[in-house]
Amino acid sequence: MGIGYAQVRPDPLWNAKGALTSLGGTYKFGALRVGAIYQYETASGASAKWTRAKSWALTSAYRIDAFEPYLKFGQHRTNGTGAYGIVNGTDAFVVNLGTQYSLSKRTSLYADFVTDLKGSDGNPAVYKNDTRSVTLGIKHYF
């Protein structure tokens with residue numbers, strides 16, 4: 001379980017400030033791990049495109065020997081006006097599907113596919129960016 005708070009002060013190049021509060025955690029049921037996070041953001045200033053935003057995400061992973069496949073999905077919503085006049089829309093609804101393969105206690109390989117089902121502006125019927133990506137890599141903890 002964890003809680004976090006961050007504050008952003010005004011920057012001369014970006015005339016806005018804000019704060020972010022996060023609450024989340026994970027729990028293991030044997031080989032199954034589940035988790036959730038909730039975030040609340042505030043913003044103000046001349047350059048702020050929204051004043052309040054809420055995000056949530058759910059995740060699950062299941063260890064099978066050295067493999068640990070996972071599924072994550074979450075949503076980010078703001079009260080701002082985006083492209084095409086979208087107000088109070090879902091800015092993003094993201095889905096991740098991936099796996100990790102442990103080579104040792106400190107090293108693993110990973111593959112991850114992510115897509116934003118809403119596109120970058122919240123209206124896939126009007127405009128949809130290609131918001132898919134695939135990531136392959138190696139992770140090592142020193």
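Predicted model: local features only at pLDDT ≥ 70, side-chain atom pairs only at ≥ 80, totals over all residues.
User: How many helices and strands does the chain have, and what makes a run count as one?
Analyst: Zero helices and eight strands. Both are DSSP runs numbered from the N terminus: helices are H or I with at least four residues, strands are E with at least two. Read from the N terminus, the order of elements is β-β-β-β-β-β-β-β.

User: What share of the chain counts as buried, and what makes a residue buried or exposed?
Analyst: Of the 142 residues, 24% count as buried. Buried means under 20% relative accessible area, exposed means over 50%, and partly exposed lies in between (1.4 Å probe, protein chains only).

User: Why is glutamate 68 called buried?
Analyst: Its relative accessibility is 8%. The cut-off is under 20%, so glutamate 68 counts as buried.

User: Why is the contact between glutamate 68 and arginine 33 called a salt bridge?
Analyst: A salt bridge needs a side-chain nitrogen of Lys or Arg within 4 Å of a carboxyl oxygen of Asp or Glu. Here the N to O distance is 2.8 Å. The value is within the limit, so the contact qualifies.

User: What does the pair of glutamate 68 and arginine 33 tie together?
Analyst: Glutamate 68 lies in strand E5 and arginine 33 in strand E3, so the pair links parts that are 35 residues apart in sequence. Arginine 33 is partly exposed, at 31%.

User: How many salt bridges does the whole structure hold, and which residues form one network?
Analyst: The search finds two. Glutamate 68 also meets arginine 63, at 3.5 Å from N to O. Arginine 63 has 36% relative accessibility and counts as partly exposed. Shared partners join Arg33, Arg63 and Glu68 into one network.

User: Why is the pair of tryptophan 56 and phenylalanine 73 called edge-to-face?
Analyst: A pair of aromatic rings is described by the distance of the centres and the angle of the planes. Rings of Phe, Tyr and Trp (its six-membered ring) pair if their centres lie within 6.5 Å; planes under 30 degrees apart count as stacked, over 60 as edge-to-face and the rest as tilted. For tryptophan 56 and phenylalanine 73 the centres are 5.9 Å apart and the planes stand at 90°, so the pair is edge-to-face.

User: Where do tryptophan 56 and phenylalanine 73 lie?
Analyst: Tryptophan 56 is in strand E4 and phenylalanine 73 in strand E5, so the pair ties together parts 17 residues apart in sequence. Tryptophan 56 is partly exposed at 29%. Phenylalanine 73 is partly exposed at 30%. Trp56, Phe73 and Phe93 form one aromatic cluster.

User: How many aromatic pairs are there, and what makes tyrosine 27 and phenylalanine 29 one of them?
Analyst: The count comes to five. For tyrosine 27 and phenylalanine 29 the centres are 4.8 Å apart and the planes at 65°, an edge-to-face pair. Tyrosine 27 is exposed, with a relative accessible area of 52%.

User: How do you know that lysine 72 lies over the face of tyrosine 70?
Analyst: The rule asks for NZ of Lys or CZ of Arg within 6 Å of the ring centre and within 35 degrees of the ring normal. Lysine 72 lies over the face, at 4.9 Å from the ring centre.

User: What makes a pocket, and which residues lie nearest the centre of the largest pocket?
Analyst: On a 1 Å grid over the protein atoms alone, a pocket is an open set of points where a 1.4 Å probe fits, with protein on both sides within 12 Å along at least five of seven lines; lining residues have an atom within 4 Å of a point. The largest pocket has 13 lining residues, with Arg33, Thr59, Ala61, Tyr70 and Lys72 nearest its centre. E3, E4 and E5 each supply at least two residues of this lining.

User: Where is aspartate 65, and why is it called exposed?
Analyst: Aspartate 65 sits in the loop between E4 and E5. Its relative accessibility is 71%, over the 50% cut-off, so aspartate 65 counts as exposed. Its phi is near 55°, a positive value in a residue other than glycine.

Definitions and conventions: Residues numbered from 1 in each chain as written. Heavy atoms only, no water.
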